[in-house]
Amino acid sequence: MKANKWLLLVALSLVLSVVLAACGSKDKDDNKTAAPKEDDKATEQQSEETGEPDAEQVLNLIESAAIPSVDSAIVEDAVGFNVLNNVNEGLYRLNLENIAEPAMAAEEAEVSEDGLTYTFKLRDANWSDGTPVTAHDFVFAWQRAIDPATGSPYGPFMMSGVIKNATAISEEKMEVSELGVVAEDDKTLVVTLERPVPYFLSLMSFGTFYPQKEEFVTSKGDAYATNSDNLLYNGPFILTNWDGTGDSWTYKKNEHYWDAENVKLETINVDVVKDSATAVKLYNDGKKDRANVSGDLALQYGTHAEAHNESTTALFYFKFNQERDGEKTPLANVNIRKAIAKSFQKEDLADVVLANGSVAANYLVPRNFAYDNNGTDFRDISGEHLVYDAEEAKEYWTKGLEELGVTELELEILGGDTELSKKMNEYFKAQLETNLEGLTIKLKEVPFAVRLELDTNQNYDIQVSGWGPDFQDPISFMDLFVTNGTNNLMSFSNKEYDELIAATKDELALDPAARYEAFAKAEKILLEDEAAIAPIYQRGLIQLQKPYFKGLGVHPFGADYSYKWAYISGKE
């Protein structure tokens, strides 16, 4: 997300021992999952909140970047999924305890004995134009997301190997009409899977699986989702005052929402603020009700009475692009990649530059995220990889330069344009140029939407990238780097890695212990053997939050936040 997110939950006792993004199922009669261990504190804080809405229900918030898209078939970033989660809704939704519960679905799904067919009965719910949400809206949206003509980054990623015929459709070998999703009538949606997927219900709260009204989408044509007037909503709020490119927007309570009586907030005003100092000033001046604190300010505000520490499952890393403009880059050399991966001090970055609870990462799959049937953290199974070692980095660097037949290299690091991103980029430049003689680092700092475009076109050398899991299973991270994967976008390919990941979905699916061992082997190949990416840190956050702002849903997977249950109480 993932950024993000960005999306969701915890251990299954069936096939995967852990669950995907929003829920999961122990069997067809028990489709709930527990919140992950790292979220216990947040859940406890939420449960302790008391009081009733007793003031004007207007919330003022900050986002770190503009909205790239709110089209559920196109969204691929944390900001977009956050917006989507609050203005639209799928068959299931994560609640405050991070358990996926029926939303557009009126009740738990009926699952066939072989685990291949899911039947959903839809509740009586309307779009923001007053027309009913139907099963046909789900069929249209899912077909559109898997259609190669749409160019969805998440449709093939989330559906391939899961929903019947999705893989063949994404490869243009079958028609989109053959996707395994059928509307038997307006209120009955039947989904057929490619194979038994015990975490399938957990996917149903994820944004890619939200419905879209075909008549509305087609009538808008290319204008669909280009601004808040060209969108239709079926969630707790509607989006207003968004022109498609601006740095501000507003959520308004959706009076047509099926559960509107439980939505307390009337208005949420959002502004994009990339500078932490500005965000904190707005917070202290009473103009914003929540603010992220980073850098030098994190040290100052870490013990503030209104500070909330959030441990997240987002993992940040360098992506090494091995092919650019049809030509191999110096990063196609494994020794150059290993040299860079081991040449920067991650602990200092986390403790001094970030100073927000983030921790150095020598891994891809985050800590406190995935657990086997015995409750063992996957990190304790797979261990550490690409640990900082300046001397070893220099050895790899010398060898790599010799293999390339050069004595120096100039490489570009693509990163964000926020205050924190710029500080990190400068840190990387200093570390790499100091430890790797002959290396010159150029910095390219661009807005998030531009970085997404450059990533899609593989127009970069090294990119500071991040991933927030969409569901709670190692595959949410490991599947990113299979050959020709839609999120690979760096020309990495390893046959053994691909085979191991494929096995976790097929012959090892019913053997959790062997499955986790396969993930551990694959992670070693990706990091230790290939250095396809270079892990940097697992994100922590310090958020200042006004004491009268209550009921915020904080999710460790999928979208980061839900405002459905939020309210203002005790504001003077």
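I'll talk about salt bridges, then aromatic rings, then a bit of the surface.

Quick housekeeping: this is a predicted model, where local features need pLDDT of at least 70, side-chain atom pairs count only at pLDDT 80 or more, and totals for chains, interfaces and linings use all residues. Residues are numbered from 1 along each chain as its sequence is written, and side-chain values use heavy atoms, with hydrogens and water left out.

Okay, salt bridges, meaning a side-chain nitrogen of Lys or Arg within 4 Å of a carboxyl oxygen of Asp or Glu. How many does the structure hold? There are 23 salt bridges.

Take R144 and D71, with their closest N and O atoms 2.8 Å apart. R144 sits in helix α3 (residues 135-146) and D71 in the loop between β1 (58-63) and α2 (78-87), so this pair ties together parts 73 residues apart in sequence. By the way, helices (H or I, at least four residues) and strands (E, at least two) are DSSP runs, numbered from the N terminus.

Are these two buried or exposed? Buried means under 20% relative accessible area, exposed over 50%, and partly exposed in between, using a 1.4 Å probe and protein chains only. R144 is at 19%, so it is buried, and D71, at 5%, is buried too.

Next, E530 and R337 form a salt bridge with the closest N and O atoms 3.2 Å apart. E530 is in the loop between α18 (512-529) and β19, while R337 is in helix α10 (residues 334-341), so the pair ties together parts 193 residues apart in sequence. R337 counts as buried because its relative accessibility is 2%.

Now the rings. Rings of Phe, Tyr and Trp (its six-membered ring) pair if their centres lie within 6.5 Å; planes under 30 degrees apart are stacked, over 60 edge-to-face, and the rest tilted. That rule gives 27 aromatic pairs. One of them is Y251 with Y563, a tilted pair at 6.0 Å centre to centre and 55° between the planes. The pair links distant parts of the chain, 312 residues apart: Y251 is in strand β9 (residues 248-253) and Y563 in the loop between β22 (561-562) and β23 (567-568). Both Y251 and Y563 are buried. Elsewhere, F81, Y154, F157, F206 and W467 make up one aromatic cluster.

Last stop, helix α11 (residues 346-354), which is where you'll find D351. Thanks, happy to take questions!
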